[in-house]
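Hello,

Here is the structure I promised to pass on. Please look it over first; my notes follow below.

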Amino acid sequence: MTTLRVKIWRGNENEEGEFQTFDVPARENQTILDVVTEVQRVQEPGLSYRFACRVGVCGSCAMTVNGKPRWTCRTHINAVAKDGEITIEPLRNMPVIKDLTCDMTEFFQKWQKAGGKFDGTITRKDPVATLPPSDLKRQKADAGIECINCAVCYSACDTVNWDSDYLGPAALNRAWTLVNDERAANRQEVLDKAIGDSGCSSCHSQGNCTAACPVGLSPSQSIHGLKRMSLLSFLGKGI
Amino acid sequence: MEIEHIKTDVLILGAGGAGLFAALHAKQANPDLDVTIASKGLLGKSGCTRMVQGGYNVALGPGDSVERHFMDTIEGGKWLPRQDIAWTLIETAVERVQELENELGCFFDRNPDGNLHFKAFAGQTYDRTVHKSDLTGIEIIGRLMEQVWALDINRLEEHRAIELVPAKDGSGIAGVLMIDVRTGGYRFVQAQTVMLGTGGGPSMYRYHTPSGDKTCDGLDMALRYGLKLRDMEMVQFHPTGLLGGPDTRMTGTVLEEGLRGAGGWLVNGEGERFMERYDPKLERATRDIVSRSIYSEMREGRTTPQGGIYIHMEHMGPEKVEAMFPGMVKRCADCGFSLPRNEVEIVPTAHYLMGGVEFECDASTVSPGLYAAGEDCGGAHGANRLGGNGVANSTVFGGIAGDSMAAFIAKEGILRDPDTSMIDQAIARCEKPFSVKGGNCHELREKLSNTMWDQVGILRNEKDLEAAQETLKTYQAELSDIGIPIEDRRFNLTWHDRLNMDSLMSMSEVITVASLAREDSRGAHFREDFPETGDLDKTNYTQIYLQGEELKLETPPVEFTHVSPGNTLIKE
């Protein structure tokens with residue numbers, strides 16, 4: 001394989017898009033981000049895409065590659081090229097800005113709607129909480145905390161695709177880590193939001209989020225935890 | 001040219017640790033303030049705070065003290081730091097870490113007894129680095145951006161700042177001119193106060209670690225605005241950057257320090273574990289020594305197929321390597337290399353600018369209303385930054401800047417009328433490439449990065465530095481002949497690549513001038529023709545500013561306000 005045939009989606013907000021095909025030299029060390037970069041540098045200077053960290057901690061470069069959402073900076077062409085062909089599109093479930101970039105505003109608004117921010121009980125003048133890593137609730141929080149909010153799970157989620165109000169896996173995963181954070185003053189409030197309208201009960205447990213998560217987290221397990229807690233809360237048992 | 005004009009009270013440039021903390025603190029100080037945060041990328045996703053692997057230095061451990069952390073910082077910085085800035089950093093870090101945990105919700109790793117875990121980091125006499133495994137930056141930015149998203153503030157994401165615009169009457173800052181990357185339009189944001197927090201980043205070197213959005217734009221604007229830059233010769237190189245070839249963005253990214261600490265070997269292209277020829281501490285010597293040793297091997301031609309050296313881990317047992325460094329093993333595997341099987345080639349890589357804008361302990365600059373924080377600033381680190389002091393620097397001074405801006409507005413805040421000639425000039429500069437045909441911006445950036453690497457890099461000497469100065473002049477001429485073949489301004493990356501080059505060229509010149517001026521070797525700056533460190537008691541720093549079109553250099557003495565060489569503040 002000396003050449004890659006790359007189909008890239010081109011288009012603007014509110015405009016019909018179309019695929020454009022490029023032949024790009026295949027190299028030994030080459031990621032999807034490198035392919036997109038080469039197209040912009042050498043063949044199509046008008047191509048728009050987004051990236052920042054280059055190492056899989058910011059998620060800015062996530063795109064749909066051969067039908068699946070991925071971090072392009074961490075996807076080697078050998079992992080995805082089929083007979084030397086690659087198709088690259090913007091992430092799904094978010095409005096496109098131009099070509100491969102999309103608007104993540106709603107994704108972060110839903111993060112907030114799901115209660116996604118910590119309220120503390122003590123201040124910067126106080127020593128930090130003494131909390132052993134063996135604490136069971138802390139372990140549950142830790143299991144979901146390394147999310148980088150790349151929206152790959154959100155893009156993979158069919159429920160978001162059908163129901164644009166659904167808060168989605170990333171926001172609910174964060175809510176789950178918060179309701180398990182014993183230092184948080186707003187655990188009940190977060191739970192109420194996460195189990196409220198368009199919250200965890202909308203999830204159809206298909207597990208696309210968990211399969212797609214590049215970090216290896218399990219948002220579906222977090223959502224399952226929220227559903228269980230919602231039931232207990234309905235039965236009058238506090239969190 | 002149409003310019004949209006908006007007004008705000010507090011304008012923050014940059015949305016990393018410094019920018020987000022500034023927004024949070026300004027709003028906490030006065031919720032009625034109209035706060036606007038502008039970022040070249042997405043809020044919290046661009047910049048380098050998120051990329052912090054190591055951790056956050058703080059004197060919170062039993063037996064540790066602010067004095068001890070301060071002495072490590074001053075000695076690590078080879079007596080070049082501005083001592084009151086370093087003291088403010090270290091003293092405030094204590095409160096900032098508690099704020100991150102107690103108010104923002106970060107949870108740093110604990111010992112089995114539930115107390116904070118402090119890890120060892122090179123160059124420090126005490127284990128004082130708090131961390132969240134090796135993803136500390138994600139924990140900090142993740143929690144911080146949630147708090148900022150919840151605030152009622154204006155977010156200008158994907159906005160490139162192009163000019164700090166002074167007041168017409170010269171009384172201070174009037175606002176900032178920007179390009180909205182998404183629409184390609186110009187926007188002038190008039191503000192009572194502005195904070196510069198765009199985050200430096202030595203990305204003009206062939207191998208570099210910072211995120212792709214960082215191209216010294218803030219420093220270039222500051223220089224044009226008339227601010228003075230200090231310590232710009234101090235470029236920190238990280239010894240272990242991934243080497244994947246010239247056409248991949250993975251090249252230059254950091255492989256963590258811990259690989260060497262845990263027992264990894266550095267092996268040259270001839271299969272020799274060479275560090276014993278350079279330092280008795282072998283691979284565990286400090287960043288600067290290891291970087292120089294690797295570079296020497298490369299210069300002698302004892303290299304791997306791609307021109308670097310290898311990092312060997314296999315002797316430790318592949319399973320153990322996978323268990324100890326799961327993130328690094330996976331990243332290398334994603335890039336196509338097995339770390340446990342010794343397949344990874346590495347190079348030293350430009351990591352951090354210790355130098356930057358001269359600023360005060362309250363984050364103010366000499367221009368009323370203009371503040372600065374984070375990697376854009378110089379003074380805290382001197383000749384060498386301790387691993388773990390970088391994220392402390394951005395979060396401490398970002399927060400201080402937020403407090404200071406709110407206080408300034410309460411006391412003497414005013415919207416100043418802009419000097420519109422500066423706006424016109426800046427737009428003309430940004431528009432010019434559209435009227436030029438031809439040229440290849442990427443090729444020129446490659447040439448620049450090679451010159452900086454070969455002649456203004458890890459080992460420096462007068463002959464090379466002077467040659468680089470001449471070469472940079474020819475690049476400047478080439479740059480003005482590079483055009484943009486795409487008229488559509490919307491998300492036009494090729495235009496922004498071209499504008500990035502303006503900033504990189506400007507700071508390359510500054511680094512070269514400062515490197516020529518420092519005729520001794522200390523910390524990150526090594527002169528082959530002046531290999532000794534000069535008299536510490538007579539330490540001067542380099543200060544560069546623009547006079548007309550010309551760079552001016554001065555070398556004021558460092559004032560030992562807290563402690564002088566040979567003495568210590570540590571009470572035994």
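**Chain B: the fold**

In chain B, 74% of the contacts with a separation of 6 or more are between residues 24 or more positions apart. Keep in mind that this is a predicted model.

The overall dimensions come next. The C-alpha trace of chain B spans about 65 × 55 × 50 Å along its principal axes. Its radius of gyration is 23 Å, which agrees with the value near 25 Å that a compact globule of 572 residues would have. Of the 572 residues in chain B, 60% are buried.

Chain B has 14 helices and 18 strands. Take one of its sheets. Five strands of chain B form an open sheet, in the order 16-14-9-17-18, with mixed pairing. Strand 16 (377–378) and strand 18 (550–554) of chain B are the edge strands, and each pairs on one side only. Inside the order, strand 9 (residues 229–230) of chain B pairs with strand 17 (residues 543–547) of chain B. That pairing is antiparallel and runs over 2 bridges. For a residue to check, go to Arg230(B): its bridge partner in strand 17 of chain B is Gln543(B).

**Where the chains meet**

How many residues does each chain bring to the contact? Chain A gives 55 residues and chain B gives 53 residues.

**Chain A: two domains**

Chain A is divided into domain 1 (3–102) and domain 2 (105–234). The centres of these two domains of chain A, taken over C-alpha atoms, are separated by 29 Å. The domains touch: 15 residues of domain 1 of chain A are in contact with 15 residues of domain 2 of chain A.

Which elements of domain 1 of chain A give two or more residues to the side that touches domain 2 of chain A? They are strand 3 (62–65) and strand 4 (68–71) of chain A. Strand 4 of chain A provides the largest share of that side, with 4 residues. By class, the side of domain 1 of chain A that touches domain 2 of chain A has 7 nonpolar, 4 polar and 4 charged residues.

Best wishes

Notes: Residues numbered from 1 in each chain as written. Chains lettered and ligands numbered in written order. Predicted model: local features only at pLDDT ≥ 70, side-chain atom pairs only at ≥ 80, totals over all residues. Contact = placed C-beta atoms within 7 Å. Domains from an automatic or database assignment. Nonpolar A, V, L, I, M, F, W, Y, C, P; charged D, E, K, R; others polar. Pairing = 2+ DSSP bridges. Rg over C-alpha atoms; globule rule 2.2 N^0.38 Å. Buried ≥ 20, exposed ≤ 12 C-beta atoms within 10 Å, placed from the backbone.
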